[in-house]
Amino acid sequence: MLSDLVDGALEDAAVRREAVSLADVEQAAAEAVPAVDALEALSPRERVHIIAEIKRSSPSRGALAEISDPASLALSYQTGGASAISVLTEQRRFGGSLEDLMMVKSVVRLPVLRKDFIAEPYQVFEARAAGADLVLLIVAALDQRTLETLYNLIVELGMTPLVETHSAEEVSRALDVGASLVGVNARNLSTFELDQNLFGELADQIPSGVIRIAESAVKSAADVAHYRKAGADVVLVGEALVTGDPIATLQEFLDC
Ligand SMILES: O=P(O)(O)OC[C@@H](O)[C@@H](O)c1c[nH]c2ccccc12
């Protein structure tokens with residue numbers, strides 16, 4: 001499944017590249033408003049930070065929400081106290097687009113994450129050109145050399161990489177490239193299995209000074225408290241926010 005998602009994302013990028021060349025997208029990235037400092041926005045504090053996600057559907061959960069106006073949902077997230085916004089831009093299985101990200105970026109002051117299956121530089125330049133401040137890199141989807149190349153490019157463009165892991169080995173690979181924002185996804189992207197204990201098992205391996213993010217299936221205040229206790233500085237929440245009342249849910253989760 002993960003390699004299908006990556007292949008699909010690369011095919012879609014190749015189609016966009018027919019319309020906008022690499023040189024043009026590089027130029028657009030260079031001219032974009034500079035990225036905001038996501039590390040500062042997510043730096044550990046007494047309260048948990050929430051990255052609030054905009055996601056219409058997913059291969060594991062099916063259709064979640066229509067979201068006809070991603071900008072207004074993002075504004076609700078900002079009002080509710082989110083520290084950053086994640087926008088799924090993958091089209092085939094998640095129903096997102098770079099246009100969603102641009103609309104969101106035009107209305108919020110919070111840092112915005114491009115959540116997609118990023119595997120080549122073109123997609124990183126596109127992210128910056130669309131206004132992204134953070135870019136997701138999924139360790140399981142990349143060989144170490146590509147991970148490093150993409151990581152360095154994201155940093156060169158002034159953005160922050162969020163490096164996603166799902167095992168002890170992947171955490172070491174994330175740390176080897178110098179990641180300062182490490183996510184542990186409770187969901188295995190190949191089998192879709194969930195393991196809510198994984199974050200707690202891997203958290204100790206992530207040194208202090210590196211921001212630790214717990215991702216996926218955070219559905220209740222109790223889940224937030226569970227991850228907080230296990231050492232999460234940040235939780236990334238999608239489904240619970242797009243299917244419920246976003247402001248009330250954020251406030252409840254922030255009170256943990
Ligand atoms: O909707 P949830 O269960 O709250 O999960 C959000 C987020 O963790 C999930 O969307 C996610 C984590 N890593 C990803 C990589 C690609 C696509 C999606 C994801």
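User: In which strand does Glu215 lie?

Analyst: Glu215 belongs to strand β9, residues 211–215. Strands (E, at least two residues) and helices (H or I, at least four) are DSSP runs, numbered from the N terminus. The model is predicted: local features need pLDDT of at least 70, side-chain atom pairs count only at pLDDT 80 or more, and totals for chains, interfaces and linings use all residues. Residues are numbered from 1 along each chain as its sequence is written.

User: What makes Glu215 buried or exposed?

Analyst: Count C-beta atoms, placed from the backbone, within 10 Å: 20 or more others is buried, 12 or fewer is exposed, and in between is partly exposed. Glu215 has 26, so it is buried.

User: Which residues touch Glu215, apart from its neighbours within four places in sequence?

Analyst: They are Glu164, Gly183, Val184, Asn185, Ala186 and Leu236. Contact means that the C-beta atoms, placed from the backbone, lie within 7 Å. Compare His49: Glu215 is 166 residues from His49 in sequence, with 12 Å between the C-alpha atoms.

User: Which residues come nearest to the ligand?

Analyst: Glu215 does, along with Ser216, Ala217, Gly238 and Glu239, out of 15 residues around the ligand. A residue is near a molecule or strand if its C-beta atom, placed from the backbone, is within 6 Å of it. Both β10 (234–237) and α11 (239–242) give at least two residues to this shell.

User: How does the shell around the ligand divide into nonpolar, polar and charged?

Analyst: Six are nonpolar, three polar and six charged. Ala, Val, Leu, Ile, Met, Phe, Trp, Tyr, Cys and Pro count as nonpolar, Asp, Glu, Lys and Arg as charged, and the others, Gly among them, as polar.

User: Which residues have the most contacts inside the largest nonpolar core?

Analyst: Ile85, Leu113, Val135, Leu137 and Val235 do, in a core of 82 residues. Strand β6 (residues 134–138) gives the most to this core: five residues. Such a core is a set of buried Ala, Val, Leu, Ile, Met, Phe, Trp, Tyr and Cys residues joined through C-beta atoms within 7 Å. In soluble globular proteins, nonpolar side chains tend to be buried together.

User: What is Ile85 in contact with, beyond four places in sequence?

Analyst: The partners are Ala52, Ile54, Ala74, Tyr77, Val104, Val108, Leu110, Val112 and Leu113.

User: Why are the buried residues of α8 said to line one face?

Analyst: Helix α8 (residues 168–176) has Glu170, Val171, Arg173 and Ala174 buried. Seen down the axis, they fall within an arc of 160°, so they line one face. The arc is taken over the directions from the helix axis to the C-beta atoms. The face turned away holds the exposed Ala168, Glu169, Ser172 and Asp176. The cover over the buried residues includes α7 (144–156), β7 (160–165), β8 (181–185) and α9 (198–203).

User: What puts the buried residues of α12 on the same side?

Analyst: In α12 (residues 246–254) the buried residues are Pro246, Thr249, Leu250 and Phe253. Their arc is only 100° around the axis, which puts them on the same side of α12. An α-helix has 3.6 residues a turn, so residues three or four places apart point the same way. Among the elements that cover these residues of α12 are β1 (49–54), α4 and α10 (221–229).

User: How exposed is Ile67?

Analyst: Partly: Ile67 has 17 other C-beta atoms within 10 Å. Ile67 is in the loop between β3 (62–63) and α4 (70–80). Its phi is also positive, near 50°.

User: What about Val107: how exposed is this residue?

Analyst: Val107 has 14 other C-beta atoms within 10 Å, so it is partly exposed. Val107 lies in helix α5, residues 98–107. Leaving aside neighbours within four places in sequence, its contacts are Ala71, Ala74 and Leu75.

Technical notes:
Contact = placed C-beta atoms within 7 Å.
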